[in-house]
Amino acid sequence: MSTHLQPVEALLVVDVQSAFVSGTGAVPDAVRLVDRTTDLIARARRSGALVIHLQNDGPAGADDEPHTPGWELHHAVESGPTEAVVRKPQDDGFQATVLERLLTDAGVKSLAICGVMSEMCVQATARTALALGYRVVLPHDAHATHDIPAAPGISERIPAAVVSRVAEWALGSDLEITPHASHVAFQAVPASPVS
């Protein structure tokens with residue numbers, strides 16, 4: 001884990017939607033997660049970095065079914081050339097979306113990722129970003145998930161914090177993990193912003 005990081009040019013805010021950070025379906029310690037993501041977004045905006053909110057389109061009946069209260073983004077999106085919302089149909093934010101084009105058009109080479117769920121959408125998006133050659137920073141205290149329930153004959157309940165740490169570890173040595181979101185620094189995107 002690193003505390004001395006080079007700045008990144010973009011922030012991906014993965015699925016910080018009402019269903020996952022409020023009410024009965026909220027991840028454990030959702031208050032901490034929202035605090036960290038709020039700080040990351042504010043600092044990215046001030047620096048001129050690209051901020052992309054990924055919004056999961058869940059299936060019918062799911063907590064994040066499109067156009068239901070749980071689907072709404074928790075953080076307000078600022079209109080402007082360096083902020084965008086990308087709706088996604090799969091865990092991976094790059095699959096069947098315009099995410100890669102937005103990053104490429106803005107000249108982004110490095111990014112930070114925060115949000116939910118650690119072992120699903122956060123991990124899938126980070127894995128593709130690494131495979132595409134981006135430098136990826138993952139602040140440990142700015143992503144979260146749920147406990148994995150006990151499975152008789154397989155395992156006891158696995159605490160959410162353990163699941164999140166395993167998700168980080170599984171991404172390999174190219175991922176830059178930092179203990180705290182406050183260690184992530186941002187810089188302005190190098191090319192013309194998103195349109």
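## Basis

The model is predicted: local features need pLDDT of at least 70, side-chain atom pairs count only at pLDDT 80 or more, and totals for chains, interfaces and linings use all residues. Residues are numbered from 1 along each chain as its sequence is written, and side-chain values use heavy atoms, without hydrogens and water.

## Helix α2

Helix α2 spans residues 30-47, 18 residues in total. Helices are DSSP runs of H or I with at least four residues, strands are runs of E with at least two, and both are numbered from the N terminus. From first to last C-alpha, α2 reaches 26 Å, close to the 26 Å expected at 1.5 Å a residue (1.5 Å times one less than the number of residues).

Buried residues of α2 include Leu33, Val34, Leu40, Ile41 and Arg43. Buried means under 20% relative accessible area, exposed over 50%, partly exposed in between (1.4 Å probe, protein chains only). Their cover includes β1 (10-14), α1 (18-21) and β2 (50-56). Just after α2, Gly48 takes a positive phi of about 85°.

## α4 against α5

Helices α4 (118-131) and α5 (160-169) pack at about 20°, axes 9 Å apart. Axes are lines fitted to C-alpha atoms over the stretch in contact, and angles run from 0 to 180 degrees between N-to-C directions. The angle makes α4 roughly parallel to α5 (under 35 degrees; over 145 is roughly antiparallel, 65 to 115 roughly perpendicular, the rest oblique). Ser118, Glu119 and Gln123 of α4 meet Val163, Ser164 and Ala167 of α5, with contact meaning heavy atoms within 4.5 Å.

## Arg165

Arg165 lies in α5. Arg165 counts as partly exposed because its relative accessibility is 30%. Arg165 and Ala144 are 21 residues apart in sequence and 9.4 Å apart in space, C-alpha to C-alpha.
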